[in-house]
Amino acid sequence: MISRPIYIEQLKNFINKPQIKIITGIRRSGKSTVLRLLKEALLSSGVREDQLISVNFESFAFSEFTSAQKLYQYVKEKIQQDKKSYLLLDEIQEVDGWEKAVNSFLVDFNTDIYITGSNSHLLSSELATYLAGRYVEIPVFTLSFREFLDFRNHYFPEEETKINSFTAYLRMGGFPVIHTVNYDEETAYKVVRDIYSSVILRDTVQRYKIREVELLERVIRYAFDNIGNPFSGKNVADYFKNQQRKTDINTIYNYLHALEGAFILYRVPRYDIKGKEILKTQEKFYASDVSLVYATMGYRDRMISGILENIVFLELKRRGFQVYIGKLDNKEIDFIAEKHGEKIYIQVAFKLESKQTVEREFSPLLAVEDHYPKYVVTMDDFWQDSIEGVRHLYIADFLLSDSL
């Protein structure tokens, strides 16, 4: 089992703290592994085995726990009243009324609680009602480029150049299961399609009682086909209308809301740099892993710029940034990322192949009049220059940088 320290270190900061720790993310992103790694860390810190109560609600062994009452009774029988108990509850959303049981664990026993879930809206809505102010969310993403290299070095220790490694990451994505076996692309995409189908069925169609599954699939394909492009419900409705498939804007936004809840898509709002306000139109959507795009749409060279943006966006989210699309007069900046009152500005492009391309990518950043770091990130591994303080970085170097 390969460690994922970015998440374990976050969790360690909250061990024995009164908050419920909620580990969220798309199915097969590694939440269960993070929970097992946490269990190892607890045991190493001196917690005894009999203080740990672990339940995976996707296991047949716990299939009878369909209600909060049954879960509560099971935990009550396991808890030792004279010691703190550590509850590790995996895929909690499978239990009806789970939030009532978790609330009771806090009230009735001396517990430290860790739960995972594969639907953000389910967690946020119920927790806001029953556990307001008493939980912290730790999102888990598919593998970063650094984690991908760790997996490759562990399972396939033969040497690869950084360029070849990034190309493999670009084409295969970051679902951990893909990188534990030496799959070819076609087989890898088949595995990802199975993950995608499970997420669509269990965390979208069933969870939100969606009847028009074919329309949902069309919305997903439209979103994937427009990764990195400004997006509006009206554009989607007009597109479907041209295909003789009439639908209303509210339905489209409801489906997008469900897809965000299942961590298939992430919505990124636009931010007016001069007006210092978040805008309500022309947001963008990015996939939770680029392999989902390939598995449903196939690999297309014309999508490369949007795919690179997607990879950079996910890296920023992994590092805890709030991410926005930047608007400065008539110019657009791909990402403004904020954390702890600091900002970085990022433009992402395929290659700087001409003076016009260099001008197009650098000029929006040069127009921003503040002292925060600014980067142009591309697939050029040889063009390593800066212009008036705006740095150019090869994308693999950006993803591996410790200075962001």
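Student: Which residues lie nearest the centre of the largest pocket, and how many residues line that pocket?

Tutor: Pro139, Phe141, Tyr266, Lys317 and Gln322 lie nearest the centre, in a lining of 23 residues. This is a predicted model, where local features need pLDDT of at least 70, side-chain atom pairs count only at pLDDT 80 or more, and totals for chains, interfaces and linings use all residues. Residues are numbered from 1 along each chain as its sequence is written, and side-chain values use heavy atoms, without hydrogens or water.

Student: What makes a space a pocket, and what makes a residue part of the lining?

Tutor: On a 1 Å grid over the protein atoms alone, a pocket is an open set of points with protein on both sides within 12 Å along at least five of seven lines; lining residues have an atom within 4 Å of a point.

Student: Which strand gives the most to the lining of the largest pocket?

Tutor: E6 does, with five residues. E6 covers residues 265-272; a strand is a DSSP run of E with at least two residues, numbered from the N terminus.

Student: Why is E6 called largely enclosed?

Tutor: Buried means under 20% relative accessible area (1.4 Å probe, protein chains only). Six of the eight residues of E6 are buried, so E6 is largely enclosed by the rest of the structure.

Student: How do you know that E6 pairs with E7 and with E8?

Tutor: Two strands pair if DSSP finds at least two bridges between them. E6 and E7 have seven bridges and are antiparallel, with Tyr271 opposite Ile278. Three bridges join E6 to E8, in the parallel sense, and Asp272 stands opposite Lys327.

Notes
On a 1 Å grid over the protein atoms alone, a cavity is a set of points where a 1.4 Å probe fits but cannot get out, and a pocket is an open set with protein on both sides within 12 Å along at least five of seven lines; lining residues have an atom within 4 Å of a point. Helices (H or I, at least four residues) and strands (E, at least two) are DSSP runs, numbered from the N terminus. Buried means under 20% relative accessible area, exposed over 50%, partly exposed in between (1.4 Å probe, protein chains only).
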